[in-house]
Amino acid sequence: MSERVAVLGAGSWGTALAVHCARIGHTVELWGRDAALIEDIRRTRANSAYLPGITLDVLIVPTASLEAALARATLVLAAVPSHGMRHVLRAAAPLLRDDAVLVSATKGLETESLARMSQVAAEETGPDRAIAVLSGPSFALEVARGLPTAVVVASASAAAGTRVQDTLKGPALRLYGSEDVTGVEFGGALKNVIAIAAGVVEGLGIGHNAMAALITRGLVEMSRLACAEGSQRETLAGLSGLGDLVLTCTGDLSRNRYVGIELGRGRALPEILSDMRMVAEGVRTTAAALALGARHGVELPLAAQMSAVIEGRTPARHAVEALMLRPQRNEAERA
């Protein structure tokens, strides 16, 4: 059944979600704050700035007006960067229909409050709002091209989760349900930190053995912090944890991996970011993860070393050496 869908955020992921929704028959309002970008998308029927090579269906209506985007939307997909989520949802809150389900499609943590995106959404839109989160191994370009993808929809409301699954399902997108909102969100956010580390391994050229160890121990570190926040360990072994981790650490389309590669090659972070139009969420999430680790007394050696590299306090190769020279321990230890 066709629905009116609003996508907030006209970056690569928001545009890809809009393309998918239109492909399966929904009418989509694609909102972006940059009026010039929206006008270019409207004129060319493409988002050449963020998702080049993809033609936008006529069912996609680009708009720079939040009011127009939300007026008739029964499903709202928020795909804005984590640092802008609160501002956008605060503006959107009075414009949302009472029956609209709000879906966070952003993988990050708010730096100041350390809140997950669903927590930000609840704070800004009220306790009665049906909220879900969408996460999993899903490069925007592949979703836009209609390549097979499997993701997870998590919600505290079984009805809201099922509604999102039913609305977004299609021949190229399979959606699994989950009630572990915390686990799904932490998997999506923390894997970006590990992906930067994976990029460092690639940039240093230190081999496949190191990469395999990094991904495996990265999953342990993600699970350690996520479980301290109340997540289910099994969730971190699923699509939104291990699945997204493998994709982001190994795929050439990963922005966080790219940042790590360039750090490994000796470039400074400001220089790397100045060349990027799209956001690498792992840069901000690293600091947030360490702050949460300190709150819970959870050791995060990979995140700590990546923070030192990101901030320019430690050369990438020295960070790897520091990790290798840590005291040896039993692999089964969870602390």
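1. The second largest cavity holds about 60 Å³ of space. Here a cavity is a set of points, on a 1 Å grid over the protein atoms alone, where a 1.4 Å probe fits but cannot get out, and lining residues have an atom within 4 Å of a point. Volume is the space filled by probe spheres set on the points, with grid points joined across faces, edges and corners. Please keep in mind that this is a predicted model, where local features need pLDDT of at least 70, side-chain atom pairs count only at pLDDT 80 or more, and totals for chains, interfaces and linings use all residues. Residues are numbered from 1 along each chain as its sequence is written, and side-chain values use heavy atoms, leaving out hydrogens and water.

2. What lines the second largest cavity? Its lining consists of Leu-190, Val-193, Ile-194, Glu-221, Met-222, Leu-225, Ala-289, Leu-300 and Ala-303. By class, that is 8 nonpolar, no polar and 1 charged (Ala, Val, Leu, Ile, Met, Phe, Trp, Tyr, Cys and Pro count as nonpolar, Asp, Glu, Lys and Arg as charged, and the others, Gly among them, as polar). H8 and helix H9 (208-228) each supply at least two of the lining residues; helices (H or I, at least four residues) and strands (E, at least two) are DSSP runs numbered from the N terminus.

3. In total, the structure has 3 cavities of 30 Å³ or more. Strand S8 (131-135) and helix H8 (181-204) are the elements giving two or more residues, with H8 giving the most, 4 residues. This lining divides into 5 nonpolar, 5 polar and 3 charged.

4. Now for the pockets: a pocket is an open set with protein on both sides within 12 Å along at least five of seven lines. Of its 43 lining residues, Ser-12, Trp-13, Arg-255, Met-278 and Val-279 are the closest to the centre. The lining has 21 nonpolar, 13 polar and 9 charged residues.

5. The second largest pocket has a volume of about 700 Å³. Among its 24 lining residues, the closest to the centre are Ala-213, Arg-217, Leu-323, Met-324 and Arg-326. H9 gives the most to this lining, with 8 residues. By class, the lining has 15 nonpolar, 3 polar and 6 charged residues.
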